[in-house]
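Please find below a short note on the structure, arranged as numbered points.

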Amino acid sequence: MTTTQHHHAPITTPEVGGIGHNVRRIEDDRFIQGAGNYLDDIVLPRMLHMVLVRSPLAHATINSIDTSAAEALDGVVAVVTGEMLAGYNLAWMPTLSGDTQAVLATDKVRFQGQEVAAVIATDPYVARDGAELVMVDYEPLDAIVNPMQGLEPDAPIIRDDLEDKADNVAYEWEAGDAGATAEAFATADRVVTIETHYPRSHPSPLETCGVVADVSPVTGQATIYMTSQAPHAHRTVFALVAGLPEHNIRIISPDVGGGFGNKVPVYPGYVVATAASLVLGAPVKWVETRTENLISTGFARDYYMKGELAVTAEGKILGLRVDMVSDQGAFYADAQPTKTRAGLFHIVTGSYDYPAAHVTTKGVYTNKAPGGVAYRCSFRVTEASFLIERLVQNAAYELGMDPAEFRKRNFIQPDQFPYHSPTGFVYDSGDYETALDMAMDMIGYEKLRAEQARARAEGRLMGIGIASFTEVVGAGPSGEYDILGLKMFDSAELRVHPTGKAILKLGVKTQGQGHETTFAQIVAEELGIPATDVKVVHGDTDNTPYGLGTYASRSTPTAGAATSMVSRKLRSKAREIAAHLLEASPEDLEWEVGAFHVRGSPESSVTIQEVAFAAYTNHPPGMEAGLEGVHYYDPPNMTYPFGSYIVVVDLDSGTGEWKVRRMVAVDDCGVRINPMIVDGQIHGGLAEGFAMSNMQWITFDEAGNCIGSNFMDYLVPTAWETPRFELGETVTPSPHHPIGAKGVGESATVGSPAAYVNAVIDALAHIGVRNIDMPVLPDRVWQAIRDHAE
Amino acid sequence: MYPRAFDYVAPETKQEVLDILAERGGEVKVLAGGQSLIPMMKLRFASPGTLVDINRLSGLDSIDIQNGHLRVQALARHSDVVRSDVVAAENDAMASAAPWIADPLVRNLGTLCGSVAHHDPEGDWASVMLACDAEVVAESRDGGERVIPIAGFLVDMFTTSLQPTELVTEVRVPRYRRGGGNYQKLERKIGDYATVGVATHLELDDAGSISNAGIALTSVYAHNLKVTDAEQALVGNAPSVELFAEAARIAAAACDPTSDVRGSAEYKRDVVRVFTERGLTASLAAAQG
Amino acid sequence: MEITISVNGTDNTVDVEPRMLLVDVLRTRLGLTGTHIGCDTTSCGVCTVLLDGTPVKSCTLFAVQADGRAVKTVEGLKQNGDLHPIQAAFKEAHGLQCGYCTPAMMLVGSVLIEENPDPSEDDIRWAISGNLCRCTGYINIVKAIRLAAETVAASS
C-alpha cells in the first residue's frame, strides 16, 4: 500500500503532537482492554428491560391489542400500548424533518417492523417471552412498496392521519435554473441520459441503537443514556416531545459503536423507554436487535434518479438536468437541514464547470421504514456524486473520448475559486486535475488502458473506473442551515488547569472518528500543550456546550474550528498574563509554540504551563482569574473536500462476479490534523462504498416484507472481499477554516461507489453496456452481458 | 436473540444419549456444533423441548480411514476437516469444499455430520457427500447400528430418513484409487450460503476413462440434488471438453432454482452449467495430477 | 443449572437457565462487558471469545455448554499486567475506530499468530473473515495483526 507523504511539516514537536502528527489515539487504551463503555454495558440498580412488539405486516389496520397474557407472565412488569401513550400525548412525535411519526401505533401500522407495543420485564429473556404473548389483531391493507406506485392516482393514502392529506407526496423541491438549463440543452450536440436507482441502504453500525432511561420519580430528573450522535439536539427534541423541562433532561451518549448517520434520529424506543421509566419509577433499558435495527431505524438513499447531461461534440458540458423520486417510507423522517428538502443533493453539478443546472425532486410516502439518514454522507451528497460521475463516464463513451480526458476538459480550474456553482454553492478551494493526475500515475492508467485493449482482443473482461468527486460538508452557516430551527453552529469549551493540563468540552460526539485525539491535537497546535495533556469530554449534555452533533463530516469544520478559536482566545489572555510575568508589554512578546518570550531576548520566556499556573496563582491585578473560555463557531461557508479514485476490476463472464484488482484513492480534505486517523477514515469509507456497489442493499417483496432484515441478507463485506486500498493525498487548504481543514469522514463513501460501478461498466462498455443499478450483483452483470451479446 | 426455555442434558456416554433418544426422541434435539440449531432457536424458529448435548462424549471426533472408507465422526468440526491431512490426501471434493463452509468461527464449532443431518438445501456438505456416494452411520438403543446410503438419507429439505431414536455417529465416503474432486461455490461473501454450489467427483480407470462420476448441486433445487443422468453420461467415456460440456448441460437442465435476491432462475441455471464444467475440469486435473 | 466456567483463569460458578447464551452470562453475570453483541444471526463475530483456546461466537453457544471449560475474553488478554502484543499493535497501527469489533479481532489475531507466527496478508484476512468491522475497511486491522506477529517474532 502506498501512502504519499504529508505535504506540510508539522510546526510542533512529536511530544506536543499538534497538527500533522500521527498521535496514537488516546481513547484506544480503554478499547483495547475491553473497557469501553457502550450503551448496553450500562447497568443501573432496579433496571428493567424492554422489548418492542412490532408489526409483521407492512400496512394494516389495528383492530385490537390484547396484552393480558403478556401481563400475566411472571416477571413482566408492564405492557405499554399506543393507546396508553396517547393519554400522555406521546403516541406521536415530531421527526427531524417536521413530519410526525407514530411512537406506538394506535390506528394503523404503516411499515413492517413498526412499533406497536412494549413489554417491560425484570429480565430481557422474559421481556422477549412476554412480547410473544401480546396478541394484535390486524386487518391487512394493500401495501405500497415503491414510490411510483404511491404516485398513481388511485393509490391508497398512507398518511390518512394527516389532516386533508390527499396524496402520498411527502415533499417537492427544486434547485437551479430551469430556463437557463433548457437553453443549454437546446444548444447541445448530444444529450447523455442515465436512469438509475440508488438503492435503499442502511448504516448498520455494529452496535445497534439503544437507551437506558432513568427518570427519578422524586426529583423529575431524567438521565437518558442513549446511542446518540447529537445529544444536545436530542435533549431539545425530548423536551419538546415529552414536555419535560430541558434543564431536567440529561442525555449521556457513552462510547458509541459506530454511527454513520444511524444514530442521528430519535427513535420510538427511546421515547417509550423514557415514558415507561417515568411511570414505573425505575430505569428502563432497551437495546435493539440487529433485525430491529435494519427494519425500523434510519435507512439511507432510495432515490430513483434520472440525469441528463448536455454536451458539445468537443466534449464540453453545457448543462445538467436531474429529476428524482425518493422513497421516504411511512414517515418523512429525513435528517437534513430544514431549507433543503433533498439535502445537499444540488452539489450534483460536481467537479465540473458549466453554467446551467436544474434539479427537481419529489419525496413519496411508501409502506416502508422511515429514516432517510445521511449514511456516512453529507445529506444526499453520495447520491449526487454518484449520478454526476456515472453521467460523465457515459458521456465520454458516447463522444468516443477517454473518461479521464473528458473530466479534465470540464474540471473547474484552480483560478476559478471561490467558484459559484449553478445551483448556488460557493466552492471554497480545489485543484481537481492534480488529484486526478496523481491517481492516474499511481495506478498506471495508460498501461492499464493498453492492457484492456489486449484483454478485449483475448475475450477477457477488465475495466477501469474513475470518480473525481467534490463534496460539500460542514453544515453549516446559520443563515442557511438549521434542523428544526436549531442553527447548525458548533462549540468548544476549554479550560487549562493550574498545572497546565487542559479539559476540552465539545458539542459534537465521536462514534469512532477519534475526537479525543484529533481535537486534543488542535489544542496542542494552538497552545503548545501536549495533546496527551488534553482531556476531551463529549456526549454529556450537562457537561458540554450546546452543539448539533457529529454527522455530515461537520465536526472538524465546525467544532474543530471552535476548538481553534477558543484556544486562540485563551492564547490572547495567556499573552496578557505572560506580559505580567515577564514585566513586558503584551505587544513585545513573541509566541512560539508553547511559550512566550520577549522579542529580542529569547532567554526571557515563560511556558504556557507557567502561564496557566499564574492564571490561578498570580494573575494580573484587575484581570479575571483562570484560563478558560468557550466559543460557538458559525462557519462562514461550507467546505468542499474532493478527490479522484480509480478502480480496476476483473470480471468473470461465466458467473458475472467482479473482483477489485486495485483501488487507488487520492483525497484532498484540506489540512490533515492526524494523517493516520484521516487515512483510517478513508479506508472505512472506501469499504462502505465497495459494500454498496457490490452487495449491500435492502429491498422488499410485493407485500412489503423487508428482504435484508439481518446480516445474512443485508451483506456487510468481510476482510476477504474488501479490496486493498492504496491512498494518495493532495492538500488544498480551506481558505475560511481557521486551520484550513475540510472534514473527511465521508469523502470515501461519497466518492467511491461511482468508481467501482464505473469500473464494471467500463469492462462492458465495448459491448454497449451503459448502466447496471447498484448493487452490481453478479446476476445483474450476467444479465447485462446477455442483453448485449451480439 | 433470546431462545425459548428448554431442558438441557449433557450425557457423558453414548449409551445415555441413545437411552434418552429411545425414551423421548420426538421432543429431543441433538446438539453437536449447534451452529445451525442455535441461530434458529434464537430467532424462535425452532423450540425443542429438550436439548441433548453430545459434546461431552469422548471418542467421537475422529477423521480417519476405516474399512476402506474415509470416516468423519459426529464431533469432528468443519475446521478439523479443513486441517485434516487425511482428508487432504484422500478426498479432493471434501478438501475443496471445507474452507468454504460458513466462516472460520462457525467452522470451529459446526460439524460435518450435523450439517448433513440438518439437510438445509443450501448446505454444502450434503452435495459433496452425494457426489462421493457417502454413507451415514446411525445408532439407536434398540436398533443398533444402521448404515444408510446418502441418497436414501436425504429425503427432502430439512428432512432425512434418520429416526427420532437414532443418533448420527459418522459420515463416511469410499476411498478411491485414481480420482479427483472439486467443489465450486458462488457466495456473495464469506459466511453466505451458496447461491449455487456444484460438487464433482471423478474416478479414472487404468486406461484413463471415467470409471465413476459424481455430480451434486447446492441451492438450486428443493434439496441437494444428485444429477445421476449427468454422472451416467460421463462413466465409461474418456474425459474431454465436449463430454464435460454435455454433463454440464444435463446438470443445468436437471436443476430447478428459484428466482430471488441472489439471482434469477435462469442465471442460477447457467451458473450450474459453468460450475459443472469448471468442477469437472478441476476434478480431472486432480485425478491426473 | 449451576455451572462453573473458568474465565480468564478464574473459576466462576453461576446459576443459569439452560437457554442463557454464553455472551449474556459473560456480560451480565460476570460483568465482562468487553465481549459485545452485534447481530442475531451468528454473522458478525463481535461476541468472539476463546473456548479452550479456540475462537468461537459466544452468542451461538449456551453457557451450560461451557460448564467445566475455559473461556478467555479481551479482559484476559493482558500478560502479567502488560498489554498483549496484539493490544499494543492495534493501538500502534490504528487498528480500531469505534472499538466495538476490536476485542473479537484481537482475540482471533492472538490465536492466528500463535498458530502461524509469520502470517501473510491473505492468511490474516482469511482468519478474520468471520468478524465484521464497519469502520476500518480492515486495512489497519490486517496491519495490526501483522505488526503483532513481528513484535512477537522479534522478542523471541
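1. How far apart do the C-alpha centres of domain 1 of chain C and domain 2 of chain C lie? In this predicted model, the two centres are 21 Å apart. Domain 1 of chain C covers residues 2-76, and domain 2 of chain C covers residues 85-155. To their contact, domain 1 of chain C contributes 17 residues and domain 2 of chain C contributes 14 residues.

2. Between domain 1 of chain C and domain 2 of chain C, an area of about 1,100 Å² is buried. Carbon and sulfur atoms account for 67% of that area. Zero salt bridges are found across this interface, whereas five residue pairs are in polar contact there, with both residues at pLDDT 80 or more.

3. On the side of domain 1 of chain C that touches domain 2 of chain C, strand 3 (48-51) and strand 4 (54-57) of chain C each supply at least two residues. Strand 3 of chain C gives the largest share, three residues. By residue class, this side of domain 1 of chain C comprises seven nonpolar, eight polar and two charged residues.

4. In chain B, strand 4 (residues 63-66) and strand 5 (residues 69-73) run antiparallel and are joined by four bridges. Within this pairing, Leu70(B) of strand 5 of chain B is the residue opposite Ile65(B).

5. Strand 4 and strand 5 of chain B form a hairpin, with two residues between the strands. In the turn, Asn67(B) has a positive phi of about 50 degrees.

Methods: Residues are numbered from 1 along each chain as its sequence is written. Chains are lettered from A and ligands numbered from 1 in the order in which they are written. This is a predicted model: local features need pLDDT of at least 70, side-chain atom pairs count only at pLDDT 80 or more; totals for chains, interfaces and linings use all residues. Side-chain values use heavy atoms; hydrogens and water are left out. Domain bounds come from an automatic or database domain assignment. Contact means heavy atoms within 4.5 Å. Buried area is the accessible area (1.4 Å probe) that two parts lose on being put together, summed over both. A salt bridge is a side-chain nitrogen of Lys or Arg within 4 Å of a carboxyl oxygen of Asp or Glu. A polar contact is a pair of N or O atoms within 3.5 Å; within protein, one must be able to donate a hydrogen and the other to accept it, and residues adjacent in sequence count only if both atoms are side-chain atoms. Ala, Val, Leu, Ile, Met, Phe, Trp, Tyr, Cys and Pro count as nonpolar, Asp, Glu, Lys and Arg as charged, and the others, Gly among them, as polar. Two strands pair if DSSP finds at least two bridges between them.
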